[in-house]
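Please read the sequence and the structure below side by side.

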Amino acid sequence: LNWTTASEQSNEGFYIERSVDGQDWQTIGFEMGNGTTTEISNYEFIDKNPSLENYYRLRQVDMTGQIT
């Protein structure tokens, strides 16, 4: 998985979640964020145990613990 942010504000990081049906999600990893920056940031995560068909989503968490 690859994703890019244009800027970040108080970004602690990203939970990477996987689902086989788009409804039940499992956290499979966490990538640290870059706190606060106006620079472009590129991220990469490799799913080491993918199924045949997968859905993925990111849940971003800030320094206060709020998740979006």
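Asn11 is found in strand 2, in a model that is predicted. With a relative accessibility of 3%, Asn11 counts as buried, because the cut-off for that term is under 20% relative accessible area. Its side chain is joined to the side chain of Glu8 by a polar contact of 2.7 Å. When neighbours within four places in sequence are left aside, the residues in contact with Asn11 are Gly33, Asn34, Gly35, Tyr43, Gln60, Val61, Asp62 and Met63.

The strand that holds Asn11 can now be placed in its sheet. Strand 2 covers residues 8-19 and pairs with strand 3 in the antiparallel sense, over eight bridges. Within this pairing, Glu8, whose side chain makes the polar contact with Asn11, stands opposite Thr37 of strand 3. Strands of a sheet pair through backbone hydrogen bonds, in either a parallel or an antiparallel manner. Here the sheet is an open one of three strands, with the order 3-2-5 and antiparallel pairing. Strand 3 (26-37) and strand 5 (55-62) each have a single partner strand and stand at the edges, so one side of each is left without a neighbour in the sheet. From one strand to the next, the twist averages 20 degrees.

Which residues make up the largest nonpolar core? That core has five residues, namely Trp3, Phe14, Ile16, Tyr43 and Phe45. Trp3, taken without the residues up to four places away in sequence, touches Phe14, Ile16, Tyr43 and Phe45, and also Glu31, Ser41, Asn42, Glu44 and Leu58. Tyr43, a member of this core, is also among the residues in contact with Asn11.

The last stop is Asp47, which lies in the loop between strand 4 (41-44) and strand 5. Is this residue buried or exposed? Asp47 has a relative accessible area of 15% and is therefore buried, given the cut-off of under 20%. The side chain of Asp47 takes part in two contacts that can be followed in the structure: a polar contact of 2.6 Å joins it to the side chain of Tyr56, and it reaches the backbone nitrogen of Asn49 at 3.1 Å. Leaving aside neighbours within four places in sequence, Asp47 is in contact with Arg18, Ile28 and Tyr56. Although Asp47 and Ile28 are 19 residues apart along the chain, their C-alpha atoms are separated by 7.6 Å.

Notes. Residues are numbered from 1 along each chain as its sequence is written. This is a predicted model: local features need pLDDT of at least 70, side-chain atom pairs count only at pLDDT 80 or more; totals for chains, interfaces and linings use all residues. Side-chain values use heavy atoms; hydrogens and water are left out. A nonpolar core is a set of buried Ala, Val, Leu, Ile, Met, Phe, Trp, Tyr and Cys residues joined through side-chain atoms within 4.5 Å. Buried means under 20% relative accessible area, exposed over 50%, partly exposed in between (1.4 Å probe, protein chains only). Contact means heavy atoms within 4.5 Å. Two strands pair if DSSP finds at least two bridges between them. Helices (H or I, at least four residues) and strands (E, at least two) are DSSP runs, numbered from the N terminus. Axes are lines fitted to C-alpha atoms, for helices over the stretch in contact, and angles run from 0 to 180 degrees between N-to-C directions. A polar contact is a pair of N or O atoms within 3.5 Å; within protein, one must be able to donate a hydrogen and the other to accept it, and residues adjacent in sequence count only if both atoms are side-chain atoms.
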